[in-house]
Amino acid sequence: MSLEDRREKARHIRHLLETEGGAIRENTTVFNEDRYEVSESFDDYEDLRGRARRIKEDAIDRLPELIDRLRESVEANGGELYVADDAADANRYIEGVVDGEDAETVVKSKSMTTEELDVNDHLEDVGVDVWETDLGEFVLQVADESPSHLVGPSLHRSQEDVARLFNDRFDPDEPFETAEELTAFARDYLGEHIRSADVGMTGANFVLADSGTITLVTNEGNARKTAVTPNTHIAVAGVEKIIPSADELQPFVELIAKAATGQPISQYVTMLTPPVESPTIDFSRPTEPLGSGDDDREFHLVLVDNGRMAMRGDDHLEETLYCIRCGACANSCANFQHVGGHAFGGETYTGGIATGWEAGVHGQDSAATFNDFCTGCSRCADACPVKIDIPWINTVVRDRINHEPGESAFDFLVEGLTPDAEPGGLDAQKRLFGNFGTLARVGSATAPISNRLAELGPVRSAMERLFGVDARRDLPTFERETLTDWFAARDSPDNDGREVVVYPDAYTNYVLVNRGKAAVRTLEALGAQVELAAPQESGRAPLSQGMIRTATRQASAVAADLVTYIDDGFDVAVIEPSDLAAFRREYGKLLDEETHERLAENSYDVMEYVYGLLNTGADAGVLAEPSEPLAYHSHCQQRTLGVETYTEAVLTELGFDLLTSDVECCGMAGSFGYKSEYYELSMDVGSDLEAQFADATDRTLVASGTSCTEQLGDLFQREVVHPVELIAPDG
């Protein structure tokens, strides 16, 4: 990406932060808070997630068989089923149905699949009037905008925005002001269009193969009106929407509203098994009974492939097809919460899962425009009602984008000189951040000169121009004495307690060395026999850049070293939460199953390990006593792993006055906050944390993760310490 491209992207993000960010933030916050409440109060929530996952796995595995079964069911009901190869094929069929009815008007309910196909544009190009009947989609149609969210397409618009839009477009006798006025107008206005429409078109949340039943899950009644009022109904759905029968429907109906908006259940769950014999309506004879219409009723189910069957055969993209389009991945994402789907989205789809959809149905070029908004924190995976590993899909697509054709004749020189395992042609910014361990080794070996050089104006300017490293961001300060140097030079106590090896990540070994020293001193004071592992990169840095080959090589080296300690009875203590997340999660994709399981089962967050020692008899009296009150922010990877509570428990039990942040993301997210195109977004996300700690001027700032430490330091211009530094005895 060129410097100008980065600046243009930054301008676009800045514009969205100013114009849409407030509404997106307000709405997603409500969705999240309600989702937390409803999921915690529903005992079977996790069991249903597991069941839904298994049903989707089975359905996608049996998809050709289910399509055949569905065809039999639909035709037995008197309807037609058409499987469209791609968007053009689907639109040709839909146009044929509309033309066969001499239709002049089509009314539609909300459907992301028809957005994907550009059905509206196609029909309007051939002279058909198309009306969206979902309120949010109607707002977008009036504004001539694309959806910004899978569930709430106009989530980026406030009530005041919509009022101004409707007042300008419809010029009412009395200006619209309230939500009730806007809703009442839309209901009456669209109701007229529904009653007079020639064709109704809906999507389908789920399609039952054994009966031909389509299920519509909505919060408005217009979808069912659209389906049954016109005499011709066209339902459009991706092939992945098929499940075997009503027996498998229950977990999805239970989950979708809870995950999407935090509702216990949607306002409307409509199950239609459209028989052509069902009564038609003649609105010109309102006093006549239902069924007085003379016309025949038609039903057409258009199943859309458009890349889905290829995704089904892709080991990494296949999981995308489990998606039930709830939008929880977007709601749970800090970056999406602040900038919305008009940045974090492609041609059709938005949020974390959008990378898989866009790569599958529109191609990798579409995914490439927003893929880097995903920072791999994994909150979306925890929020997903079908347990899709969304961060891994993003990583895989990022890796594929990295290796797209376009390499120069001199790439062999790059491949020979760079320390990573990636081919030439990789974006320079990604190569820089993916090789942080190498930079850290060089920076440490040449400190303090390296630190002084890095702060010179011409150097910062060159880094921003060539690598997109924002000049406003403070750079790491490398230490000349590494953690491994310090450990090798000291006299270790002869303890006979638990044996533990501390993993020295690149930041701990070369930059934040004091937290490594504190970890060693703390564990030894609590009676543990401590060793220090070899200083090798975990693979987290290249993995965040989509450099899977490099990450795999580094993971293999780290695992080979640590497993030898595990074989000898050692536990593994990890200081950086993102590395613990790699050991417990991502290594499952990079290493063989046995190696991953052994490393995952024997690795602990350092404060989790301290908690374990204290609760199995270690003497807390040997640790440092509380002094100043604390303001603590835990790392997002700690939260998704569920280990942040150990730090809070240790500090509380030791008597610290602790103010704990409930802000889920500091905004730094590893290298994300360093990148010039994302700096403003990073700081905007960080503003939530800044606001929460604004009055904590008398408190020591504490953070578990490197990213959080750097962001808090930039936000407050104060020193930030790791929790283990607070409790470590004097060295």
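User: Why is E116 called buried?

Analyst: The relative accessibility of E116 is 2%, and buried means under 20% relative accessible area, exposed over 50%, partly exposed in between (1.4 Å probe, protein chains only). E116 therefore counts as buried. R308, at 0%, counts as buried too. This is a predicted model, in which local features need pLDDT of at least 70 and side-chain atom pairs count only at pLDDT 80 or more, while totals for chains, interfaces and linings use all residues. Residues are numbered from 1 along each chain as its sequence is written, and side-chain values use heavy atoms, with hydrogens and water left out.

User: What makes E116 and R308 a salt bridge?

Analyst: A salt bridge is a side-chain nitrogen of Lys or Arg within 4 Å of a carboxyl oxygen of Asp or Glu. For E116 and R308 the N to O distance is 2.8 Å, so the pair meets the definition. E116 lies in helix 6 (residues 112-117) and R308 in helix 13 (residues 308-312), so the pair ties together parts 192 residues apart in sequence. Helices (H or I, at least four residues) and strands (E, at least two) are DSSP runs, numbered from the N terminus.

User: Is R441 buried, partly exposed or exposed, and why?

Analyst: R441 has a relative accessible area of 35%, so R441 is partly exposed. Its salt-bridge partner E537, 2.9 Å away between the closest N and O atoms, is buried at 17%.

User: How many salt bridges does the structure hold?

Analyst: The structure holds 42.
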